[in-house]
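Subject: Structure for you to look through

Hello,

Please find the sequence and the structure below.

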Amino acid sequence: MNLIEIERVKTISKENFYMHYVKKQKPLVIEQLTQDWPAYEKWNLNYIKELAGDKVIPLYDDRPVSHKDGFNQAHAQMKMADYVDLLQKEPTNYRIFLYNLIKEVPSLANDFKWPNIGLRLVKQLPMLFFGGENSRVFMHYDIDYSNILHFHFHGKKRCMIFAPSETPFLYKVPFALISREDIDFDQPNFKKWPALEKAQGYICELNHGEMLYMPEGYWHYMKYLTPGFSMSFRAFPRKFSNLFRAVYNVFVMRHFDNLMRKFKGQNWIDYKNQKAITNTNGNL
């Protein structure tokens, strides 16, 4: 695919970050933003197991979306201690997605700082994401079009991202936040998905403690190269058009989609997947 490495800096001033990245909506990796956090030294899978081992956590895998699933409905549950053991034992597709572990274990909030970096961050407890070796997160964008600071801990993670301008080439599923789930973004089949050859994107590998800035509305595909976990901070979209899209997604789109799944069942899912192909190939 047409991918360029995301720019990296060790540190950056608030003014430079805002002027050259937030204002221009350009992604950036900041390598040393967390090095004065207690989390930089403490956060690993064994630490999480020690603090939260008895918590029952929701798990997701890479099965295709079904009409029987609710919006972001978990596929399984497991105690955190058992899940960490599984991550460290062998590759698994089970991931933790959008989990407010810090609400369950408040002491974790003492391990990080809210960075003064030029974004008005939403000061609610941040969500955590966990994955096993080679587990993947489908190509998607976030429902609220937020600017995202994505911090990674324990191991290595590959991130592939695309600006909203590339949506016409990404086989977006209508009334959803995802592209076609059967696309292998690691080794895409351009004969089957010809529009992907026109998409211009970015890629990086995040190491322990590094932070990726993803501007509002960016598509992202994540692959855990080793077991690990991440945390995201969010800031509301700056563009009014994106704020409007976020409101539509939250209050209209997802409820309409759930309603259509209820009444049309799998036919609705199949229809959307076919429209993703006809709409995207039509853009060629």
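A polar contact is a pair of N or O atoms within 3.5 Å; within protein, one atom must be able to donate a hydrogen and the other to accept it, and residues adjacent in sequence count only if both atoms are side-chain atoms.

Before the rest, some ground rules. This is a predicted model, in which local features need pLDDT of at least 70 and side-chain atom pairs count only at pLDDT 80 or more, while totals for chains, interfaces and linings use all residues. Residues are numbered from 1 along each chain as its sequence is written, and side-chain values use heavy atoms, with hydrogens and water left out.

Helices (H or I, at least four residues) and strands (E, at least two) are DSSP runs, numbered from the N terminus. Lys 156 sits in the loop between β9 (147-153) and β10 (157-162). Buried means under 20% relative accessible area, exposed means over 50%, and partly exposed is in between (1.4 Å probe, protein chains only). Lys 156 counts as partly exposed, because its relative accessibility is 27%. Contact means heavy atoms within 4.5 Å. Not counting residues up to four places away in sequence, Lys 156 touches Glu 205, Leu 206, Asn 207, Tyr 224, Leu 225 and Thr 226.

Next, helix α3. The buried residues of α3 (residues 45-52) are Leu 45, Tyr 47, Ile 48 and Ala 52. They are on the same side of α3 because they cover an arc of only 160° around the axis, the arc being that of the directions from the helix axis to the C-beta atoms. These buried residues pack against α2 (38-42), α4 (80-89), α5 (101-104), β7 (127-131) and β14 (228-235). At the start of α3, a side-chain oxygen of Asn 44 comes to within 3.1 Å of the backbone nitrogen of Asn 46.

Then the sheet. Two strands pair if DSSP finds at least two bridges between them. An open sheet is formed by 7 strands in the order β2-β3-β12-β9-β14-β7-β6, with mixed pairing. β2 (8-9) and β6 (95-99) are at the edges with a single partner strand each, so one side of each has no neighbour in the sheet. β7 and β14 run antiparallel and are joined by 5 bridges; Leu 128 has Met 231 as its bridge partner in β14. β6 and β7 also run antiparallel, joined by 3 bridges, and the bridge partner of Tyr 99 in β7 is Leu 128. Since 4 of the 5 residues of β7 are buried, this strand is largely enclosed by the rest of the structure.

What is in the largest nonpolar core? A nonpolar core is a set of buried Ala, Val, Leu, Ile, Met, Phe, Trp, Tyr and Cys residues joined through side-chain atoms within 4.5 Å. The largest has 40 residues, of which Phe 17, Trp 43, Met 80, Leu 101, Phe 130 and Leu 149 touch the most other members. Apart from it lies another core, of 22 residues, including Met 139 and Phe 162.

Last, two backbone angles. Most residues other than glycine have a negative phi. Asn 134, in the loop between β7 and β8 (136-140), has a positive phi of about 70°. Tyr 145, in the loop between β8 and β9, has a positive phi near 55°.

Regards
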